[in-house]
Amino acid sequence: MDTVILITVIIVIMGLAFDFINGFHDIANAVATSISTRALKPRVAIGIAAVMNFLGAISFTGVAESLTKSIVDPFSLNNGEFVVLCGLIAAVIWNLMTWLVGMPSSSSHALIGAIAGASIASASSFSVLNWSGFTTIIIALIISPIIGFTVGYLIYSLFKTLFHNKKLGKMNRRFRFIQIGTAAVQAYSHGTNDAQKTMGIITLALVASGLLKESAGIPFWVQVSCAASMAIGSSVGGYRIIKTVGTKIMKITPVTGVASDLSSLSVIMSATLIHLPVSTTQVIDSSIMGVGTANHKKEVNWRTGKNMVVTWFITLPLAGLLAAVVYWISAAIFL
């Protein structure tokens, strides 16, 4: 088998493995609130999330098409398919490490940082990056959690105004049913954005290897296989991270859970519609913190929040450094 084709096949396998890991790594963000309030049993919540993740992933391709060109120009890379493979390996390693310690780090940061890091290592220069597109992605990743926090604060403040004459505690039973719907839609929004990132990276590899024309768009088989991989990963469930998101940020009630879900899904879907990749982990967790602040800021476990923020900020550069190391070692052995 031709070496280029062999590496590309391995890239597809690694990309699907990343989506599988992303599924059980990030599924906590979509279902943690509904599980913590007992609106849904864990297995039911994860099953619903798996189906909705799949449906969301096959519904859009805009984010994937944007990523194909936004990080690097595929034709500017020497051994482009090898570079992508090293980036994927590093992203998978990072996701597994953070999953083992139960920290909801951003899979998006890991993947984007790893591809950038491997590309820089390959070219021995930062000039290989498509700075216009890469800067846009970084800005979206930075701003989206701020927007998530703000929207969460505003939505829960609106809830308090609308139900001023009623005790929100007495509304929990009704909101528990509503939360089933918001959790499902949130899982759908997760699929519309997160699964597309790997679609874009696999397509980048196909273009770099000359197996696909740059103007061809995202192949349907790539779209379906990535969607299926994430859905299968979602069905496994990331119980370690579910515990962190569902209980360690703040005590979540059905009312605050619905407010958090509405906040995060609105931000994620908006980003998907304008073809911007965002970190669903960051958006969902920051929405929970925004809702908690609007309810009573002392209810938020700011120590956990601080640890999350630190992890979010270090993920992209550390994943990039890890990818560079993986590239240097691999290149020394195979190139």
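Ser-124 is exposed in this predicted model, with a relative accessible area of 67%, where exposed means over 50% relative accessible area, buried under 20% and partly exposed in between (1.4 Å probe, protein chains only). Ser-124 sits in the loop between H5 and helix H6 (131-162); helices here are DSSP runs of H or I with at least four residues, and strands are runs of E with at least two, numbered from the N terminus. Although Ser-124 is not a glycine, its phi is positive, at about 55°. Most residues other than glycine have a negative phi.

Asn-79 also deserves a look. This residue, not a glycine, has a positive phi of about 55°, and its place is in the loop between helix H3 (62-70) and helix H4 (80-100). Asn-79 counts as partly exposed, at 39% relative accessibility.

Turning to Ser-107, this residue belongs to helix H5 (residues 107-123) and is buried, its relative accessible area being 2%. The Ser-107 side chain makes a polar contact of 3.2 Å with the side chain of Asn-22 (a pair of N or O atoms within 3.5 Å; within protein, one must be able to donate a hydrogen and the other to accept it, and residues adjacent in sequence count only if both atoms are side-chain atoms). A polar contact of 3.1 Å also links the side chains of Ser-107 and Asn-95.

Because the model is predicted, local features need pLDDT of at least 70 and side-chain atom pairs count only at pLDDT 80 or more, while totals for chains, interfaces and linings use all residues. Residues are numbered from 1 along each chain as its sequence is written, and side-chain values use heavy atoms, with hydrogens and water left out.
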